[in-house]
Amino acid sequence: MTGAIGIAAAEDISTSGKMQQPMPPAITIPEPAKTAPVQNIAPKAKEKPKNPDVEMAGPLTEVRQKEQEQLFADLRKASTPEKSHAIASRLRQSFVRTGSDSLDLMLRWAETALNQSRDAEAQDYIDEVMAQRPDNATVWQLRARLHLRRNELAPALSDIRQAMILEPRNFDVLINYATLLRETGNNKGALWLYSQALSVYPMMKEAQDEMLKLTEADSDTAL
């Protein structure tokens, strides 16, 4: 299960009486304003945009989509941890890509700022990318981390859920979502998310270790 169905499964598997977090509002990107057609005018040659990022921005191209699908297939079949780690690194790079070199750089700066506890700086970069590319899962994931740093659990859950909707096979998003569910005491939902991460990235050690801990904890509780 992936996407919205997978999300429901993760959060419905909770302890009795657990309050469910609301789904984030749907993201709507306004359509460009319509202009009246111009008649009897020969079409002009396509001009290069002043900002090259405008031409580059957009969803995955067909070629990149095929490349990513091949990487996912290779990751599932990788025979050694070293091979799987190399493939996972390439997939992480593809997750960051927005179609704009400058926005990609801002995402990397935002992550670096978060890792160095420069939260205000990270917020600026995240806001800039979010304003231009709300369809990128990585920016939602980074904002979820920022909310969690500020002990804002509900917004963090909302943002990580949106990241999963946008890219349900992003194994880092699945792991971070599981961590947040554990913060709420929803260990069964976290277990489901760890299993989903391992179905995408079978040799992901973090998911293996955390799933083992939760399984052992559940076994001890049952005894």
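Student: How many helices and strands does the chain come to?
Tutor: The secondary structure comes to eleven helices and zero strands, where helices (H or I, at least four residues) and strands (E, at least two) are DSSP runs numbered from the N terminus. This is a predicted model, in which local features need pLDDT of at least 70, side-chain atom pairs count only at pLDDT 80 or more, and totals for chains, interfaces and linings use all residues. Residues are numbered from 1 along each chain as its sequence is written, and side-chain values use heavy atoms, with hydrogens and water left out.

Student: OK, and what share of the residues count as buried?
Tutor: Of the 223 residues of the chain, 39% are buried, meaning under 20% relative accessible area with a 1.4 Å probe, protein chains only.

Student: Switching to helix H7, which of its residues are buried?
Tutor: The buried residues of H7 are Ala137, Thr138, Val139, Trp140, Gln141, Leu142, Ala144, Leu146 and His147.

Student: And what do those pack against?
Tutor: They pack against helix H4 (81-96), helix H5 (101-115), helix H6 (119-132), helix H8 (153-166) and helix H9 (171-183), a contact being heavy atoms within 4.5 Å.

Student: Why should H7 span 18 Å?
Tutor: Because helix H7 (residues 137-149) has 13 residues at 1.5 Å a residue, and its end C-alpha atoms, 19 Å apart, agree with that; the expected span is 1.5 Å times one less than the number of residues.

Student: What happens at the start of H7?
Tutor: There, a side-chain oxygen of Asn136 reaches to within 3.0 Å of the backbone nitrogen of Thr138.

Student: And which residue with a positive phi follows H7?
Tutor: H7 is followed by Asn151, with its phi near 60°.

Methods:
Buried < 20%, exposed > 50% of the residue type's maximum accessible area, 1.4 Å probe, protein only. Polar contact = N/O pair within 3.5 Å; in protein donor to acceptor, adjacent residues only side chain to side chain.
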